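Thanks for making time, everyone.

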Amino acid sequence: MFFHLFMRALRRGDEVPLFDDGEQTRDFTFCQDIVDGIVAAATYPGKGEVFNLGGGSEVSLLNAISLVEKIAGRTSKLKRFDRQKGDVRHTKARLDNAKDKLDYQPKIDLAQGLESEWQWICANSD
């Protein structure tokens, strides 16, 4: 959701809120990779197992923002705010179980996914 809001604001030249210092990390995942993982889990013959799905890499928010700016050829207007209560500093999916049992392997890396999202935003926004 962040990237959609961020890219729309970037395209319009609007400010974008940035909570904390931007060094928090996330395991960003392309939606089709998640769909593939969910379908694989739904058809898995085992019962009661838990599978963690994700993109397979840990990237800081500032690095992701920089990547979007490079793709868009624009500089964002970040409006900084304090860290939100309850926000987790670092997250990363543990894919071992999903890889072993579901043959789950993310196919779209962050740069490809962001490029695709930017193209969609440009084609579908005012």
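**A walk through the model**

I'll begin with Asp103, which counts as exposed because its relative accessibility is 67%, and the cut-off for exposed is over 50%. You'll find Asp103 in the loop between α4, residues 96–102, and α5. The backbone does something there too: phi of Asp103 is near 55°, a positive value in a residue that isn't glycine.

Before I go on, please keep in mind that this is a predicted model.

There's another Asp with a positive phi, and that's Asp20, where the angle is near 70°. So is Asp20 buried or exposed? Asp20 counts as buried, because its relative accessibility is 19% and buried means under 20%. Asp20 is in the loop between β1 and β2, with β2 covering residues 25–26.

Okay, let's zoom out. The protein chain has five helices and four strands. If you read along the sequence, the pattern goes α-β-β-α-β-α-β-α-α. The C-alpha atoms fill a box of roughly 50 × 35 × 20 Å along the principal axes. There are 126 residues in the chain, and buried ones make up 29% of them.

Now for the inside. Which residues touch the most other members of the largest nonpolar core? They're Phe3, Phe6, Met7, Phe28, Val68 and Leu110, out of 18 residues in that core. The elements giving two or more residues to this core are α1 (2–12), β1 (15–19), α3 (61–72) and α5 (110–124). There's also a second, separate core of six residues, with Ala93, Leu95, Leu102 and Tyr104 among them.

Setting aside residues up to four places away in sequence, Phe6 touches Val16, Ile65, Val68, Ser76 and Leu78. Phe6 is also part of a ring cluster, where ring pairs link it with Phe2, Phe3 and Phe28.

How many aromatic pairs turn up in the whole structure? The search finds five. One to look at is Tyr44 with Phe51: that pair is edge-to-face, 5.2 Å centre to centre, with 80° between the planes. Phe51 itself is buried, at a relative accessible area of 16%.

Next, the largest pocket, which holds about 860 Å³ of space. Its lining has 40 residues, and nearest the centre you've got Met1, Phe2, Phe3, His4 and Phe28. So which element gives the largest share of that lining? That's α1, with eight residues. At least two lining residues each come from α1, β1, α2 (31–42) and α5.

Last stop, Ser60, which is in strand β3, residues 59–60. A polar atom of the Ser60 side chain lies 3.0 Å from the backbone nitrogen of Asn63. Leaving out neighbours within four places in sequence, Ser60 is in contact with Gly22, Glu23, Gln24 and Thr25.

That's my tour. Happy to take questions.

Notes: Residues numbered from 1 in each chain as written. Heavy atoms only, no water. Polar contact = N/O pair within 3.5 Å; in protein donor to acceptor, adjacent residues only side chain to side chain. Contact = heavy atoms within 4.5 Å. Core = buried A, V, L, I, M, F, W, Y, C linked by side-chain atoms within 4.5 Å. Buried < 20%, exposed > 50% of the residue type's maximum accessible area, 1.4 Å probe, protein only. Phe/Tyr/Trp six-rings, centres within 6.5 Å; stacked < 30°, edge-to-face > 60°. 1 Å grid on protein atoms, 1.4 Å probe; cavity = no way out; pocket = protein on both sides within 12 Å on 5 of 7 lines; lining within 4 Å. Points joined across faces, edges and corners; volume = space filled by probe spheres on them.
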